[in-house]
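Hi everyone, thanks for making the time today. I'd like to walk you through one structure, so let me put it up on the screen.

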Amino acid sequence: MTETIICPLSIIPQNMNTINPWESTTIEDYQKLFDEFGISPFNKLLSDIKHPHRYMRRGIIFGHRSYDSIVDAMNSGKPFGAMSGFMPSGRVHLGHKMVMDEIIWHQQQGGTVVMAVADMESHSVRGISWKDCLRIGVEEYILSLIALGFEPDGGRIYFQSTSPEVRDLAFELGIKANFSELSAIYGFNGETNIAHMVSATVQSADILHSQLKQFGGPRPVVIPVGADQDPHIRLTRGLADKMNLFHVFQKDGTVKIYSKSAHKEAFKTLRKRLSVDFNENDIKMFEGHIDVNGSLEHVRIAVKDVELLVGGYAFMPPASTYHKFMTGLQGGKMSSSIPDSIIALTEDPKGAARKIMRAKTGGRVTLEEQKQHGGLPDECTVFELMLYHLIEDDNDVLEIKQECINGELMCGQCKKKAAELMETFLIEHQEKRELAELKLSEFGIDYKF
Ligand code: TRP
Ligand code: SF4
């Protein structure tokens with residue numbers, strides 16, 4: 001483990017003077033996400049995380065919502081989780097690997113982790129048959145997930161269509177989600193098929209079901225996503241809140257518990273439970289709300305206990321982290337429809353190496369210029385591959401970056417190194433995928449190749 005470099009993304013004013021070895025990306029772009037959408041910068045949390053993932057150290061994960069609840073749980077040994085889902089539609093590639101790495105990292109930190117195969121989404125939105133959803137789900141995504149280190153101990157994989165809990169919860173969530181809200185997020189219109197709309201609440205159910213009693217109850221659960229996925233997260237955080245019986249917040253030093261839907265009996269039970277932890281004269285009961293003079297955290301615990309007792313959900317808003325996207329190997333977007341822009345985890349390792357040799361670099365037009373002015377690693381897709389995937393040691397990456405900037409490293413040699421690393425990675429990964437076939441049954445997946 002190399003030493004952690006704090007502050008990979010110097011966006012926070014007080015950190016502006018720290019030299020940031022990783023990042024040159026336009027600070028303004030991310031600042032906008034922070035200011036307008038309420039995403040918090042990740043680097044503030046970094047020093048509290050014991051062994052941050054390289055995506056965290058390197059500012060690739062740049063933002064979050066409520067991730068402090070996960071950090072707190074990790075550091076105090078309290079239960080927490082992580083979940084994500086994949087739509088089985090195409091080939092599993094490096095973009096998917098990022099999310100898989102993040103989920104697996106959280107499992108290694110002690111979290112319970114869940115992976116959904118979004119077959120209902122794929123079937124309703126992309127028109128992919130159930131049979132193909134199963135095949136692609138297993139043969140592309142699940143095998144790579146297991147090969148990357150996802151373990152059955154504390155790790156669960158399911159297909160949306162075979163989870164009654166998810167489907168039932170999706171229906172319940174549908175009561176709280178209306179057409180205008182969903183169409184604003186997903187662009188639904190009069191032509192959109194109903195099953196497509198349903199798959200939106202199924203996705204929220206994927207996220208929230210791991211907090212159901214039978215899956216471990218309410219606890220912080222993080223959803224690692226790309227920055228563009230924030231609308232789903234906001235929707236689901238809103239739904240979590242709407243599903244809850246009680247709403248707790250602090251105002252002017254008083255903790256307030258409100259409920260529109262709780263019955264008198266539920267309020268009475270809550271009052272009793274509160275008097276276990278708080279003095280009688282610190283609890284004031286009103287019509288439809290209770291005021292408590294005391295710690296917000298303790299009130300929340302009491303409210304959660306009572307909510308579960310009287311049959312509510314007590315969902316915590318799901319936490320999220322946001323990572324940057326990798327650039328396509330030719331520059332521009334990474335897209336499955338442009339094979340040369342992506343590297344699939346299942347593709348021929350030699351072919352992948354050749355793609356890297358053809359990739360867009362931040363090199364100069366001539367060797368002379370490169371020696372004189374140095375390259376531009378921040379505009380180089382090959383550097384990005386090394387930064388995101390191929391090199392674990394921070395110092396090694398920094399060294400390449402510095403040599404590139406100094407004009408000491410030439411692109412041909414650099415690409416060759418990246419190509420070799422990629423080839424080795426893919427060969428090993430594909431061997432592990434074969435072993436993963438034998439592990440499927442440990443995840444309760446019955447599949448014939
Ligand atoms: N909609 C996601 C996609 O298009 C897949 C997905 C389904 C998902 N359920 C999820 C992602 C829950 C995160 C969390 O790939
Ligand atoms: Fe990219 Fe390497 Fe060329 Fe620098 S030397 S621009 S990092 S390929």
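Let's begin with ligand 1: two elements, β3 (81-86) and α9 (194-209), each supply at least two residues of the shell around it. Do keep in mind as we go that this is a predicted model.

So who is in that shell? Around ligand 1 you'll find M83, S84, G85, M87, A118, E121, Q203, D206, I207 and I223. If you sort the shell of ligand 1 by class, you get five nonpolar residues, three polar ones and two charged ones.

In the side chain of Q203, an N or O atom is 2.5 Å from a nitrogen atom of ligand 1. For D206, the distance from a side-chain N or O atom to a nitrogen of ligand 1 is 2.7 Å. And for E121, a side-chain N or O atom is 2.9 Å from a ligand 1 nitrogen. How much of ligand 1 does the protein bury? Ligand 1 on its own exposes 370 Å², and the protein buries 83% of that. As for the site itself, the space that ligand 1 takes up is the largest pocket.

On to ligand 2. Where does ligand 2 sit? Ligand 2 is found in the largest cavity. Its surroundings are T361, G362, G363, Q370, C380, F383, C404, L409, C411 and C414. By class, the shell around ligand 2 holds six nonpolar and four polar residues, with no charged residues. For the shell around ligand 1, remember, the count included two charged residues.

Before I stop, a couple of individual residues. D101 belongs to helix α4, which covers residues 94-108. Is D101 buried or exposed? With a relative accessible area of 11%, D101 counts as buried, because the cut-off for buried is under 20%. The D101 side chain also has a partner: it makes a polar contact with the side chain of Y55, at 2.7 Å.

The other residue is T236, in helix α10, residues 230-243. T236 has a relative accessible area of 0%, so T236 is buried too. If you'd like a sense of scale, look from T236 across to G375: those residues are 139 apart along the chain, and their C-alpha atoms are separated by 43 Å.

How values were computed
Residues are numbered from 1 along each chain as its sequence is written. Chains are lettered from A and ligands numbered from 1 in the order in which they are written. This is a predicted model: local features need pLDDT of at least 70, side-chain atom pairs count only at pLDDT 80 or more; totals for chains, interfaces and linings use all residues. Side-chain values use heavy atoms; hydrogens and water are left out. A residue is near a molecule or strand if one of its heavy atoms lies within 4 Å of it. A polar contact is a pair of N or O atoms within 3.5 Å; within protein, one must be able to donate a hydrogen and the other to accept it, and residues adjacent in sequence count only if both atoms are side-chain atoms. Accessible areas come from the Shrake-Rupley method with a 1.4 Å probe; for residues, only the protein chains shown count as cover. On a 1 Å grid over the protein atoms alone, a cavity is a set of points where a 1.4 Å probe fits but cannot get out, and a pocket is an open set with protein on both sides within 12 Å along at least five of seven lines; lining residues have an atom within 4 Å of a point. A molecule sits in a cavity or pocket if more than half of its atoms lie within 2 Å of its grid points. Helices (H or I, at least four residues) and strands (E, at least two) are DSSP runs, numbered from the N terminus. Ala, Val, Leu, Ile, Met, Phe, Trp, Tyr, Cys and Pro count as nonpolar, Asp, Glu, Lys and Arg as charged, and the others, Gly among them, as polar. Buried means under 20% relative accessible area, exposed over 50%, partly exposed in between (1.4 Å probe, protein chains only).
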